[in-house]
Amino acid sequence: MDKDAVIKAHVQAVSEGTRRAQAATQTLLHIPYGTGDGERLDVYLPTEPSGDFPLVLYIHGGYWQELSKDVSGFAAPPLVAHGIAMAAVGYDLAPKGRLEEMVGQVQRSVAFAVQQYAGLSGVYLLGHSAGAHLAAMVLSTDWKEFGVVPSIKGAFLVSGVYDLEPITHTYVNEMLRMSREEAQQNSPMRRVAKPASEGACQVLIAMAQHDAPEFRRQSQEYFQALRAAGWSTSLLDVADVDHFEVAEKLSQQDYLLTQVILNMIARG
């Protein structure tokens, strides 16, 4: 399939998965976490919540200019079946949204979730592609300006982009309009710092066997940078999937990456 056909198939897969998830799950849709039109959450509640429960914030990909929270509930069923809530995060896409604004929106969504759901046993970030970039940027947040320090226990970064400078020379940047300086400022690779407390946040970096070489290179280099800075991190190479399937299959209970995520959350 050509590029357009591949993307169309991905949109169809996540849309159908989200429809199934919403039909089978108790949901709270279009919850505002800020004042902007795009600042909304779709929340998928645990099937049998038991007191405090963990929350996974899912941040969709689409090169910061496609997809939306409305087609991002597909990963919820295995989570809610294990007593875990999931919230699909909406953010303003390019060209309306600038990259630093998207980062700020995702940060606000985390702060809102922690304040709104006081009984959470922990917050986890799950991002795919551009969403993994935004989730990684959350890890370097100075939370003082948000008036809250969320207990982010884990981040699952799937086929992400961690150095934006190469993108400034591609068609992707036509809508993003990033300068070289903006790309550097918003690159997780350039913002790696020591974790606030050692071992408190587990970071899983996953890449697809059939990801493009640049995705795989950046995943490996970001993993090495985090580990060198003292983060508790692991690298998972998911076999027999491409850049889109690695996320689509999160709808499946018996999928390797789903199982790894569930086990990491269970360990707390």
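These legends accompany several close-up views of a predicted model.

Local features are described where pLDDT is at least 70 and side-chain atom pairs where pLDDT is 80 or more, while totals for chains, interfaces and linings use all residues. Residues are numbered from 1 along each chain as its sequence is written, and side-chain values use heavy atoms, with hydrogens and water left out.

**View A. Helix α7, residues 213–228.**
Helices here are DSSP runs of H or I with at least four residues, strands are runs of E with at least two, and both are numbered from the N terminus. Helix α7 has 16 residues and reaches 23 Å from its first C-alpha to its last, close to the expected 22 Å; the expected span is 1.5 Å times one less than the number of residues. After α7 comes G230, whose phi is positive, near 100°.

**View B. The buried face of α7.**
Look for F215, R216, Q218, S219, Y222, F223 and L226, the buried residues of this helix. Buried means under 20% relative accessible area, exposed over 50% and partly exposed in between, with a 1.4 Å probe and protein chains only. Seen down the helix axis, the buried residues of α7 fall within an arc of 165°, so they line one face; the arc is taken from the directions from the axis to the C-beta atoms. Their cover includes α4 (130–138), β6 (152–158), β7 (202–208) and β8 (232–238). On the face turned away from the buried side, you will find the exposed residues P213 and A228.

S129 sits in the loop between β5 (122–128) and α4, and is buried at 5% relative accessibility. H243 lies in the loop between β8 and α8 (245–248) and is buried too, at 12%. Contact means heavy atoms within 4.5 Å. Beyond four places in sequence, the contacts of S129 include F215 and H243, and those of H243 include D211 and F215.

**View D. The largest nonpolar core, with 57 residues.**
A nonpolar core is a set of buried Ala, Val, Leu, Ile, Met, Phe, Trp, Tyr and Cys residues joined through side-chain atoms within 4.5 Å. L57, W64, L125, L157, L176 and V203 touch the most other members. Helix α3 (residues 99–116) gives the largest share, 9 residues. A second, separate core of 32 residues includes Y124, A206, A208 and L250.
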